[in-house]
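Here is my note on the model you sent. The points run by region, with cut-offs given where a term comes up.

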Amino acid sequence: MPETSTALVFRVLDDRRSDLMVVGPRTRARYHPGKHVPFGVRIRIRPSRASLLLGVPVSELVDRAVPLRDLWGVPGDRLVHELAGLGSDHMSVLKRIEAEFLARISRTTPGDLSRSDLVHAAVAGLSTSAGARPEPVPAVARRLGVSERHLRDLFNRAVGVSPKRFVRIDRLGVVLARAHTGSWARLAAEAGYYDQSHLTGEFRRAMGVPPASFVTGRLPVPAPCETSRPSALPGGHRTVPAP
C-alpha cells in the first residue's frame, strides 16, 4: 500500500538465508503474489527520522527496497549476521536493531537533530491520520519559521517526498483504513478532499483501480518483484522495487 514511512525488514527465508532490507516510502500500490517467510520483523521508521538513522537521503529510497549492506557496508553485513544468530526471537531482534539505531543517533550532530525535529513537527501538522485536518503547507512553514522552499528541501531528504505529496499519501491511508465504513462522499469530506470525484481520482492514480473496485477485490493482476536497474544511490547500489 502507499506509505509515507520507511521500514527496516529482517527476514529468514525458506532456504535459511537471512536478509535485512530498507523499504522506502511508497507513492503507489504494488500487487505481488504472496511469499512464505518463516520468520520476519518489520520496523516502521517515522517519516522524519529515516534519513537520520540510515545516513542517506530518503528521496533515493522512494518506491524501492535496498539491502541495508548497500547503505552501511560492512556494519550492515555484520548486523544481518548477528540477527541471523538470534533465532526466531522477535524481541531479541528488535532490541539488537534498537541498540544499533541508538548508537547511530548518539553520533548525530546537533544540526542534524534540529533539522530532524523540524521535519517531525511539520509531519505532525500535515498529517490527516492524527485525527484533524492537515494545515496548509504555507501555514506550517510560517509556524516553523522557514520558507516553503527550505521545508520542501528538508522534506525531500528526510521523508522522501514533498510536503504536498506527503499529504496526498497520508490522507489516502485514512481512506484505506475507513473504506468499508460508509459513503465515499462523507469519507472524502472527512479526509480533506474537495469532493468525491477528487478522492476517486487520487485513489485511482495511487491504487491502480477506483475505490469501488478495490473494496470488492477487483484488483490488478499480481506481478512478481523484479530487480531494477542501478539507481542514483551513492556508489551505484542496486535496488529492487519495494514489495
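Helices (H or I, at least four residues) and strands (E, at least two) are DSSP runs, numbered from the N terminus. This is a predicted model: local features need pLDDT of at least 70, side-chain atom pairs count only at pLDDT 80 or more, and totals for chains, interfaces and linings use all residues. Residues are numbered from 1 along each chain as its sequence is written, and side-chain values use heavy atoms, with hydrogens and water left out.

1. R115 and D112 form a salt bridge, with the closest N and O atoms 2.6 Å apart. The term means a side-chain nitrogen of Lys or Arg within 4 Å of a carboxyl oxygen of Asp or Glu. Both residues sit in helix α5 (residues 110-126). They are three residues apart, so about one helical turn separates them. R115 is partly exposed, at a relative accessible area of 41%. D112 is partly exposed too, at 33%. Here buried means under 20% relative accessible area, exposed over 50%, and partly exposed in between (1.4 Å probe, protein chains only).

2. **The salt-bridge network.** Salt bridges that share partners join E82, R96, E100 and R104 into one network. The structure holds 13 salt bridges. One of them pairs the side chains of E82 and R96, at 2.5 Å from N to O. E82 belongs to helix α3 (residues 74-84) and R96 to helix α4, so this pair ties together parts that are 14 residues apart in sequence. E82 is partly exposed, with a relative accessible area of 29%. R96 is also partly exposed, with 24%.

3. **Inside α4.** R104 and E100 meet through their side chains in a salt bridge of 3.7 Å, N to O. The two are four residues apart in helix α4, so the separation is about one helical turn. E100 is buried, with a relative accessible area of 13%.

4. **A nonpolar patch.** Which residues make the nonpolar surface patch of about 230 Å²? They are L102, I105 and L113. Patches are built from residues with over 30% relative accessible area and no salt bridge; like charges are joined within 9 Å, and nonpolar side chains (Val, Leu, Ile, Met, Phe, Trp, Tyr) within 5 Å. The accessible areas come from the Shrake-Rupley method with a 1.4 Å probe, and for residues only the protein chains shown count as cover. I105 lies in helix α4 (residues 90-106). I105 is partly exposed, with a relative accessible area of 33%.

5. **How α8 meets α10.** The axes of helix α8 (residues 163-177) and helix α10 (residues 196-207) come within 11 Å and cross at roughly 100°. That makes α8 roughly perpendicular to α10. From α8, the contact uses R168, R171, L172, V175 and L176; from α10, it uses H198, L199, E202, F203, A206 and M207. Contact means heavy atoms within 4.5 Å. Axes are lines fitted to C-alpha atoms, for helices over the stretch in contact, and angles run from 0 to 180 degrees between N-to-C directions. Angles under 35 degrees count as roughly parallel, over 145 as roughly antiparallel, 65 to 115 as roughly perpendicular, and the rest as oblique.

6. **R171.** Is this arginine, R171, buried or exposed? R171 counts as buried, at 10% relative accessibility. R171 lies in helix α8. Leaving aside neighbours within four places in sequence, R171 is in contact with T128, A191, G192, Y193, H198 and E202.

7. **L154.** L154 is part of helix α7 (residues 148-158). L154 is buried, with a relative accessible area of 13%. Not counting residues up to four places away in sequence, L154 touches R115, L118, V119 and V159. L154 and S48 are 106 residues apart in sequence, and their C-alpha atoms are 9.3 Å apart in space.

8. **Two loop residues.** D63 sits in the loop between α1 (50-54) and β4 (64-67). Phi of D63 is near 60°, a positive value in a residue other than glycine. D63 is buried, with a relative accessible area of 11%. L219 is in the loop between α11 (211-215) and β5 (240-241). L219 is partly exposed, with a relative accessible area of 40%. Leaving aside neighbours within four places in sequence, L219 is in contact with Y31, V209 and F214.
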